[in-house]
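Okay everyone, thanks for coming.

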Amino acid sequence: MEDSRRSINQDKNMTKEILDKIKEESLGKAPNESCGFVIKNSVFYPCKNVHEKNKEEHFKIDTKDYLKASQLGKISHVFHSHTTWKKEFSILDKTISEEFKINLILYHVPDDSFLFYIPNGFRNPYIGKK
């Protein structure tokens, strides 16, 4: 049985149409990371990556985009892409997912694949260590 703390290869709530839009957005923004939301499992909402230093390896969603998206309904997923980084969610990604109880979608450009993360009790292994 797969450890529930790891990423999964599918999310039953996600449609092919939404995934196709995430892929298209990600390829269009490469080599920078793309980012955005899925609202109510069915509305694609791309956002501006406003990371100030390294958009090729990090993303930060514009506060204005968050406010506009949240007015459309419940945000069910946050998505972003990796263009140069590993095919995995970072500890920060998982920690934020757990804190806000929000699902994550990662599109990995180098090998044209998706990963999904659903909050499951992950705890940052570095918290409490010296």
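Leaving aside its neighbours within four places in sequence, which residues is Tyr107 in contact with? Before I answer, a bit of housekeeping: this is a predicted model, where local features need pLDDT of at least 70 and side-chain atom pairs count only at pLDDT 80 or more, while totals for chains, interfaces and linings use all residues. Residues are numbered from 1 along each chain as its sequence is written, and side-chain values use heavy atoms, with hydrogens and water left out.

You'll find Tyr107 in strand β4 (103-108); helices (H or I, at least four residues) and strands (E, at least two) are DSSP runs, numbered from the N terminus. And here is the contact list: Ile22, Lys23, Ser26, Leu27, His80, Ser81, His82, Asp112, Ser113 and Phe114. Contact here means heavy atoms within 4.5 Å.

Is Tyr107 buried or exposed? It's buried, because its relative accessibility is 1%. The cut-offs are under 20% relative accessible area for buried, over 50% for exposed, and partly exposed in between, using a 1.4 Å probe and protein chains only.

Now look at the side chain of Tyr107, which makes a polar contact of 2.6 Å with the side chain of Asp112. A polar contact is a pair of N or O atoms within 3.5 Å; within protein, one must be able to donate a hydrogen and the other to accept it, and residues adjacent in sequence count only if both atoms are side-chain atoms.

On to the rings. There are five aromatic pairs in the structure. In one of them, Tyr107 and Phe114 have ring centres 4.9 Å apart and planes at 50°, so that pair is tilted. Rings of Phe, Tyr and Trp (its six-membered ring) pair if their centres lie within 6.5 Å; planes under 30 degrees apart are stacked, over 60 edge-to-face, and the rest tilted. Phe114 is buried as well, because its relative accessible area is 17%.

Most residues other than glycine have a negative phi, and most peptide bonds are trans. Now compare Asn41, in the loop between β1 (35-39) and β2 (43-47): its phi is positive, near 60°. Asn41 is partly exposed, at 26% relative accessible area. Lys101 also has a positive phi, near 50°, and sits in the loop between α3 (91-100) and β4. At 59%, Lys101 counts as exposed. As for the peptide bonds, the one from Ala30 to Pro31 is cis, with omega near 15°. Pro31 lies in the loop between α1 (16-29) and β1.

After α2 comes Gly73, whose phi is positive, near 145°.

How many residues from α3 line the largest pocket? Five, and that's the largest share of the lining. Of the 24 lining residues, Phe59, Ile61, Val78, Asp93 and Ile96 lie nearest the pocket's centre. A pocket, on a 1 Å grid over the protein atoms alone, is an open set of points where a 1.4 Å probe fits, with protein on both sides within 12 Å along at least five of seven lines; lining residues have an atom within 4 Å of a point. That's my tour, thanks!
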